[in-house]
Amino acid sequence: MLTTPRPRRTRGIRRALTGALLAGLTLLTTASPAVADDPSASASPAGDEAGPTEAGTTFRTATPLKQGQSGIAQASAGDYLYWVFPADAGQRPTVRATVKLPESAARRGTSTWQVDVYDGLRRRQACMYGHQTRKAAADAATVELSCVLRPVRSWSEPWANDPLPGSYYIRLTVVDLPAADLGLPVGVQVRTSFKEVGGSHDGDGTLSEPLLPGVSVASTNETNETGETGDGDSSAAPRTVAAGEPEDGWASGWWTDRWLWTAGGGVLAALAAVFGYSLTRGRGRPSHVPPGI
């Protein structure tokens, strides 16, 4: 008796393997963004390098901080203190400030402190979470403030207030204080840290220049191909950037891990097509039907 091959077992194994592969890849694609955006995930600092020992008193005199750098300053209650640091696309900056208050015997009451963050256009940026404003009791020794910004995008609409690559200003001050406590000495420490969030927050474009101090002025003074400056003044001063830039430079803009997600999506689509075809093509000609019928 002639026996016909049974492809069912092979086909079943192939389907099981394909289904397992699809399930595994789907789990990876759905779990990774959730981990990247989990608020409880700790933001690892880019470094712990000692920073400056003073702070500016205006936007123009803001003290520069490198990424992951901390700075300290001695000031008086009521002063406005400013620092500036760079943030690039794909990063989620976190600003922390610690204020060492005067002795409780010298204070007359409670005080309320606040830390604000502004971008290169001096637009105030909202905090995703953190303790941006805190009240210190009359007997408190220190007050801790924090602000976790939204992820920095590579591009945004002109009317939007999204964080963009460039300089970010930290402003620390007291917003509520008894008049008798004005001028008391305080010690301040600020720290910056960054978390890489990947391409899940990338836009479809890039800025021609990061939002840095003096970029719009310097761009009009850049020399053209003929060697003449944009405003006809060959003695224009070179551009100076207060906050510098990240140690590895600004993002080039063309590479993002969204390319990896796109390639992964293509592979998943191809596997799904093969899997669907194997389910719908049928078992072929029955063994009792001769060819040609």
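Helices and strands in this tour are DSSP runs, numbered from the N terminus. The model is a predicted one.

**First stop: glutamine 67**

Select glutamine 67, which sits in the loop between β1 and β2 (70–76). Is this residue buried or exposed? Buried means under 20% relative accessible area, and glutamine 67 has 19% relative accessibility, so it counts as buried. Now display its side chain. A polar atom there lies 3.1 Å from the backbone oxygen of proline 86. The side chain of glutamine 67 also makes a polar contact, at 3.0 Å, with the side chain of glutamine 91.

Next, select glutamate 247, in the loop between α2 (215–219) and α3 (258–280). Its C-alpha atom is separated by 8.1 Å from that of glutamine 67, although the two residues are 180 residues apart along the chain. Glutamate 247 is exposed, with a relative accessible area of 73%.

**Second stop: the nonpolar core**

Select Trp83, Phe85, Trp113 and Leu172. Within the largest nonpolar core, which has 31 residues, these four touch the most other members. Which strands each supply at least two residues of this core? They are β2, β3, β4 (91–100), β5 (111–118), β9 (142–149), β10 and β11.

Centre the view on tryptophan 83. Leaving aside residues up to four places away in sequence, its contacts include Glu54, Ala73, Leu172 and Val190. Another core, of 6 residues, lies apart from the largest one; among its members are Ala62, Val84, Tyr118 and Tyr169.

**Third stop: aromatic rings**

A pair of aromatic rings is described by the distance of the centres and the angle of the planes. The count of such pairs in this model is 5. Begin with phenylalanine 59 and tyrosine 169: their ring centres are 5.2 Å apart and their planes stand at 80°, so this pair is edge-to-face. The pair links distant parts of the chain, 110 residues apart: phenylalanine 59 is in the loop between α1 (8–36) and β1 (63–64), and tyrosine 169 is in strand β10 (residues 166–176). Both phenylalanine 59 and tyrosine 169 are buried.

Move on to phenylalanine 85 and phenylalanine 194, another edge-to-face pair, with 5.9 Å from centre to centre and 70° between the planes. Phenylalanine 85 belongs to strand β3 (residues 81–87) and phenylalanine 194 to strand β11 (residues 185–196), so the pair ties together parts 109 residues apart in sequence. Phenylalanine 85 counts as buried at 0% relative accessibility, and phenylalanine 194 counts as buried at 6%.

Finally, select Phe59, Tyr82, Tyr118 and Tyr169 together to see one aromatic cluster.

Side chains of opposite charge can pair when their charged atoms come close. The whole structure contains 5 salt bridges. Select aspartate 116, which is buried at 1% relative accessibility. Its side chain meets that of arginine 124 in a salt bridge of 3.1 Å, N to O; arginine 124 is partly exposed, at 40% relative accessibility.

Which residue forms a salt bridge with aspartate 116 whose closest N and O atoms are 3.4 Å apart? The partner is arginine 171. Aspartate 116 lies in strand β5 and arginine 171 in strand β10, so this pair ties together parts that are 55 residues apart in sequence. Arginine 171 is buried, as is aspartate 116.

To end the tour, select aspartate 162 and arginine 150, which form a salt bridge with their closest N and O atoms 3.6 Å apart. Both residues lie in the loop between β9 and β10, 12 residues apart in sequence. Aspartate 162 is buried, with a relative accessible area of 17%, whereas arginine 150 is partly exposed at 26%.

Terms used. Residues are numbered from 1 along each chain as its sequence is written. Side-chain values use heavy atoms; hydrogens and water are left out. Rings of Phe, Tyr and Trp (its six-membered ring) pair if their centres lie within 6.5 Å; planes under 30 degrees apart count as stacked, over 60 as edge-to-face and the rest as tilted. Helices (H or I, at least four residues) and strands (E, at least two) are DSSP runs, numbered from the N terminus. Buried means under 20% relative accessible area, exposed over 50%, partly exposed in between (1.4 Å probe, protein chains only). A polar contact is a pair of N or O atoms within 3.5 Å; within protein, one must be able to donate a hydrogen and the other to accept it, and residues adjacent in sequence count only if both atoms are side-chain atoms. A nonpolar core is a set of buried Ala, Val, Leu, Ile, Met, Phe, Trp, Tyr and Cys residues joined through side-chain atoms within 4.5 Å. Contact means heavy atoms within 4.5 Å. A salt bridge is a side-chain nitrogen of Lys or Arg within 4 Å of a carboxyl oxygen of Asp or Glu.
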